[in-house]
Amino acid sequence: MNQTFIALIREATFTKEMLGAGATQIRTANYTNQGVYAQAFSGLSIGLERIGKLCLMLDHYIEHDGSFPDFEYLKKSIGHKLELIQKSAAEISTKRNIDFQFIRELNHPIHLSITKVLHAYADGDRYSNINILVGAKQQNDPIAAWFTSVDTYIFENLIKPQHKVKIANAALAAQEQMPYATVLHTAETGEPILNIGEASFRTGVFKAVAPYRQFFVLQVIRYWVELLWELGTEAQKLDREEIPFLGEIFAGFYNEDSYLKSKKNVGILNLRNCDLTTRSNRSLHSLGRDKAHPLTNRYAAKEAL
């Protein structure tokens with residue numbers, strides 16, 4: 001194995017773990033443990049940036065006969081700009097007519113909001129509190145931005161009316177039963193939470209939206225995994241024996257919506273044989289190989305890792 005092969009394996013593995021951690025943490029973050037938001041945003045923004053850059057690098061590799069872009073391009077032209085990376089990915093998928101099996105574009109309002117929040121976080125909002133202290137111009141709060149653009153959208157548009165009534169009634173009952181209880185928390189948007197009724201309501205909202213926020217994050221990740229898989233397959237056609245089967249590393253994210261919805265801990269995503277076989281066979285066909293790819297054989301028994 002040459003240095004390029006090893007570097008790609010290590011980068012892909014690191015990225016997969018960052019994305020898995022971030023997608024797991026985003027389901028548990030709420031007003032009582034706001035530091036978990038920072039952990040989730042860090043893992044997701046870094047992970048999406050890195051898988052995005054892998055895609056851009058592979059596209060350049062294909063276009064320039066096995067040559068990767070230089071450092072200046074990735075550092076200065078791209079930087080941490082997730083929205084720019086996503087725009088470039090859309091152009092690549094159109095140019096190469098990528099055959100996505102799930103989502104062809106990240107154009108759902110929640111997908112766009114997730115990317116916008118993570119873009120701003122990577123581009124400087126991660127220092128929002130320090131920015132306030134030192135009087136910096138950029139003082140946007142990423143947690144508030146997530147709550148207003150992602151969680152609020154989910155609650156208003158995806159949570160059933162009867163569930164909303166149940167949350168409101170539970171908050172009213174809690175306040176009536178413990179009217180003198182003291183609560184001291186800060187909401188995601190910065191307002192103080194001083195009574196148990198408000199705390200109960202926000203807890204109910206969190207429990208209702210958390211599975212949805214994680215699901216939409218996983219859809220975003222899966223989009224990038226599909227694109228990377230296709231570009232990796234195309235790059236292997238140059239026969240330089242330095243491009244690993246990157247899809248195998250990210251295969252846990254390549255699953256149908258129903259499976260993604262069933263997972264709380266993304267760090268232990270199991271691999272579904274039906275999806276892997278489909279993707280492997282498509283890759284084999286494009287490579288023109290006759291024998292079965294090890295990835296197909298490896299998981300043919302439908303046993304979860």
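I took a polar contact as a pair of N or O atoms within 3.5 Å, where within protein one must be able to donate a hydrogen and the other to accept it, and residues adjacent in sequence count only if both atoms are side-chain atoms. The model is predicted, so I noted that local features need pLDDT of at least 70 and side-chain atom pairs pLDDT 80 or more, while totals for chains, interfaces and linings use all residues. Residues are numbered from 1 along each chain as its sequence is written, and side-chain values use heavy atoms, without hydrogens and water.

Entry: S93.
I looked up S93 in helix α4 (helices are DSSP runs of H or I, at least four residues, numbered from the N terminus). A polar atom of the S93 side chain lies 2.8 Å from the backbone oxygen of A90. S93 counts as buried because its relative accessibility is 8%, the limit being under 20% with a 1.4 Å probe, protein chains only. Beyond its neighbours within four places in sequence, S93 contacts I98, F100, Y223 and L227 (heavy atoms within 4.5 Å).

Entry: core.
I then turned to the largest nonpolar core, which has 65 residues (buried Ala, Val, Leu, Ile, Met, Phe, Trp, Tyr and Cys joined through side-chain atoms within 4.5 Å). F41, L48, W146, I221, W224, L227 and F250 have the most contacts inside this core. Helix α9 (196-236) is among the helices supplying at least two of its residues, and α9 gives the largest share, 17 residues. I checked L48 as well: leaving out residues up to four places away in sequence, L48 touches L19, L82, L118, V220, I221 and W224.

Conventions. Buried means under 20% relative accessible area, exposed over 50%, partly exposed in between (1.4 Å probe, protein chains only).
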